[in-house]
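Visitor: Hello! I am new to this structure. Could you show me how to read a few of its features?

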Amino acid sequence: MSKSPSDSEPVSVQPPATLTGIKVKKPKTYAAGVEAVASSLKHVFSLAGVKRGAEGMVKLNQTDGFDCPSCAWPDPDDHRAPTEFCENGAKAMASETTKRRVDPAFFKKYSVSEISRQSDYWMEQQGRLTDPMILAEGASHYEPIGWDEAFTLIAKELNALPSPDEAIFYTSGRTVNESAFLYGLFVRMYGTNNLPDCSNMCHESSGAAMGASIGIGKGTVSLKDIEEADCVLVVGQNPGTNHPRMLSALQETVRNGGEIIAVNPMKEAGLIGFAHPQEIAGMMGASTPLASNFLRVKINGDQALFQGLMKSLFDLEHERPGEVIDHNFVEKFTTGFEFLAHEIQSVEWKEIERRSGLEEDSIREVAQQLIRRDKKVITCWAMGLTQHRNAVSTIRDVMNLHLMLGAIGKPGAGLCPVRGHSNVQGDRTMGIFEKMPEEFHDSIDRVFSFESPRDVGYDVVNSILAMHAERASVFFAMGGNFLQATPDTEYTAEALRKCSLTVQVSTKLNRSHVVTGRTALILPCLGRSELDLNAKGEPQFSTVENSMGVVHQSKGTLAPASPNLRSEMAIVAQLAATTLGSKATIDFEALVGNYDEVRGLIEKTIPEFGRFNERVREPGGFYLQNDAKERIFKTASGKAEFSAEKLSSADLEEGELMLMTLRSHDQFNTTVYGLNDRYRGISNERRILFMNPDDMKDRELSPLEQVSIRNETAGRVREVSGFLAIPYELPRSAVAGYFPELNPLVPIESTAEISNTPTSKSIPVIVFTETERL
């Protein structure tokens with residue numbers, strides 16, 4: 001296709017630095033209520049239409065319907081409300097069920113360069129992808145390609161590589177269990193463990209810490225436990241936006257006499273109060289107060305807080321011997337307690353206060369709350385703990401606190417890492433991991449009669465480094481928006497552009513479709529809400545796993561957005577068959593017609609899935625075995641392991657501020673549904689930087705003044721401009737703003753120890769105006 005003058009302009013890696021007309025109000029003091037209902041209906045009916053939207057809502061998160069493509073918060077085990085979804089679940093469904101289409105005519109109209117100069121919000125609003133498309137080397141526009149031709153091209157590229165390790169196979173948390181299992185199986189038959197996934201960027205730190213401490217990287221509680229807890233710590237998490245249905249569980253905690261302790265640098269509305277939108281009082285604006293104690297910790301001050309809590313508990317134990325620490329649990333089920341005791345007792349309170357930003361008395365008050373009744377304590381956490389250099393050590397100290405109290409493996413107590421994507425936990429269970437344990441490899445070798453590779457593959461950060469160094473040249477993404485989800489955006493773009501081929505399996509248009517390898521493919525797939533037919537033409541279901549280890553059905557009920565869409569399973573199967581040829585030890589394509597057969601293979605491979613097809617047909621599915629819930633700890637010692645972690649936190653140089661990236665309320669991961677952040681009082685703008693008012697005063701910044709933000713790490717300068725300074729209630733030296741706009745500031749080499757997770761919650765930056773630049 002010939003190029004117009006606009007086509008010859010370079011492709012933009014970042015969204016445009018264009019302001020959209022901000023409006024600022026006071027932040028909300030509670031989440032949900034009638035505004036959440038109005039927002040839900042507006043999104044659903046404006047995008048999907050009344051009929052399709054209503055049909056979707058009545059099936060969303062129902063036992064005979066489809067799982068929400070948004071967060072992984074569990075559904076109730078017993079009764080489900082007719083509207084068992086939250087505002088952001090409604091937005092996710094509206095996005096997927098939209099009547100708008102991105103078809104071949106769209107790509108004929110818009111060049112890749114023109115698309116790239118639009119915002120991520122604009123891209124999201126264009127609608128569902130309808131046909132497989134190719135961006136040929138040197139071309140300005142995507143053009144249609146047949147499915148068979150697309151797979152032949154991919155197979156040719158993969159089989160031409162000198163080594164299978166030069167290919168990277170990414171997975172987002174949207175991928176269902178059956179397709180994830182076959183995808184991982186195909187990749188290992190092909191010959192590599194390069195299986196990075198979105199968990200590498202979020203809860204990898206949780207898995208590393210929990211696996212070492214209690215022998216499993218998953219949560220140990222149920223919804224009932226949360227409702228029965230005496231005390232729930234919500235740390236580094238904003239449930240009002242990121243996991244809104246969690247608020248109803250926290251409301252039950254409070255109504256049952258339990259207490260919520262919130263730990264966060266920002267005082268989020270969803271931590272303060274909740275107006276239940278399915279209760280008359282909630283719809284009238286009456287909210288249930290949630291957090292009885294709010295600790296505005298410094299960014300990355302959480303480890304200091306938890307060490308302060310343990311130090312307080314040791315002091316209380318000294319005053320009341322045998323009443324505070326659960327010595328029976330410690331002696332019977334744990335090892336290493338004496339090393340922890342020595343480390344904690346040697347930490348000075350001045351250091352704890354300096355690093356946490358909290359006063360000793362405030363920390364001691366929380367310690368008293370933890371033991372006020374039966375030590376039924378649950379700690380919930382998310383990215384505010386996992387995306388720091390010391391994340392694994394911090395979460396090990398969360399484990400240490402629970403082990404001291406015996407607050408694990410009993411009703412109303414335990415650990416709750418809150419997953420951010422609807423099947424990210426299930427994908428890991430299915431084998432999407434660059435370093436699965438030996439027993440998993442032994443099992444797939446036995447069941448499928450081949451020898452799987454054992455070398456550790458690339459995680460997300462190492463994948464980017466490998467592409468940048470030209471050690472990998474084919475990138476295949478099963479869902480997601482890799483460019484916008486990853487750190488150091490410009491560096492990641494350079495890495496992707498060095499590939500010979502990039503392939504995106506997608507439902508919607510995103511920026512990863514315009515920043516590509518020399519050749520690029522878009523393979524459009526069915527969404528969760530859409531009918532997926534078996535070989536007999538009958539609807540069939542797939543399965544997912546939620547944050548609390550429940551595996552259940554997800555069955556689409558709506559007509560597909562296009563007759564040219566393929567299911568995830570069909571895409572994986574034809575990819576495997578075309579690439580592997582006679583090397584395949586099973587008939588991948590034959591499995592597409594009956595997902596029961598795939599589940600039968602999973603049952604043979606993964607011990608926890610006995611009677612899979614039978615149990616998953618029970619209403620609500622089934623809980624996977626979780627040994628830590630039974631106080632069985634499958635660590636090297638056979639016991640839960642205390643650890644003596646050295647206290648640390650991210651430090652700043654003179655003039656620097658600490659940036660944490662976060663979501664707006666009109667956003668799920670990298671998907672931008674709108675331009676509002678209702679709970680924080682922001683409307684019609686995303687290019688904002690929340691700042692402590694005193695830090696603004698020190699820099700002579702006025703509200704809404706435009707600033708630039710810079711990070712300099714390892715000799716590389718990263719900078720973004722055109723952001724509006726917003727005074728907000730934050731600790732001194734803390735600033736916050738939205739990703740993906742601020743991801744360019746996250747250094748590729750700045751990762752958590754052990755987990756290698758990008759440190760997106762603690763980035764040293766300089767904030768300045770254009771006048772200061774001059």
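Guide: Gladly. Let us begin with what a helix is here: helices are DSSP runs of at least four residues, numbered from the N terminus. Please keep in mind that this is a predicted model.

Visitor: What comes just after helix 23?

Guide: S449 does, and this residue takes a positive phi of about 55°. Helix 23 itself spans residues 438-448.

Visitor: Which residues of helix 23 are buried?

Guide: An α-helix has 3.6 residues a turn, so residues three or four places apart point the same way. In helix 23, the buried residues are F440, H441, S443, I444, D445 and F448. The elements covering them include helix 8 (177-190) and helix 28 (595-605).

Visitor: Why does I754 count as exposed?

Guide: Exposed means a relative accessible area over 50%. I754 counts as exposed because its relative accessibility is 67%. L704, with a relative accessible area of 40%, is partly exposed.

Visitor: Where is the cis peptide bond?

Guide: The bond to look at is the one from F739 to P740, where omega is near 10°. P740 sits in the loop between strand 30 (734-738) and strand 31 (763-768).

Visitor: Is E530 buried or exposed?

Guide: The cut-off for buried is under 20% relative accessible area. E530 has 2%, so this residue is buried. You will find E530 in the loop between strand 18 (519-524) and strand 19 (542-545).

Visitor: What does the side chain of E530 reach?

Guide: The side chain of E530 reaches the backbone nitrogen of G527, at 2.7 Å. Leaving aside residues up to four places away in sequence, E530 also touches a set of residues that includes R52, R128, T557, P560 and L565.

Visitor: Finally, which residues make the nonpolar surface patch of about 240 Å²?

Guide: L41, F45 and V50 make that patch. One of them, L41, lies in helix 1 (residues 34-48). L41 is partly exposed, with a relative accessible area of 34%.

Definitions and conventions
Residues are numbered from 1 along each chain as its sequence is written. This is a predicted model: local features need pLDDT of at least 70, side-chain atom pairs count only at pLDDT 80 or more; totals for chains, interfaces and linings use all residues. Side-chain values use heavy atoms; hydrogens and water are left out. Helices (H or I, at least four residues) and strands (E, at least two) are DSSP runs, numbered from the N terminus. Buried means under 20% relative accessible area, exposed over 50%, partly exposed in between (1.4 Å probe, protein chains only). A polar contact is a pair of N or O atoms within 3.5 Å; within protein, one must be able to donate a hydrogen and the other to accept it, and residues adjacent in sequence count only if both atoms are side-chain atoms. Contact means heavy atoms within 4.5 Å. Patches are made of residues with over 30% relative accessible area and no salt bridge: like charges are joined within 9 Å, nonpolar side chains (Val, Leu, Ile, Met, Phe, Trp, Tyr) within 5 Å. Accessible areas come from the Shrake-Rupley method with a 1.4 Å probe; for residues, only the protein chains shown count as cover. A salt bridge is a side-chain nitrogen of Lys or Arg within 4 Å of a carboxyl oxygen of Asp or Glu.
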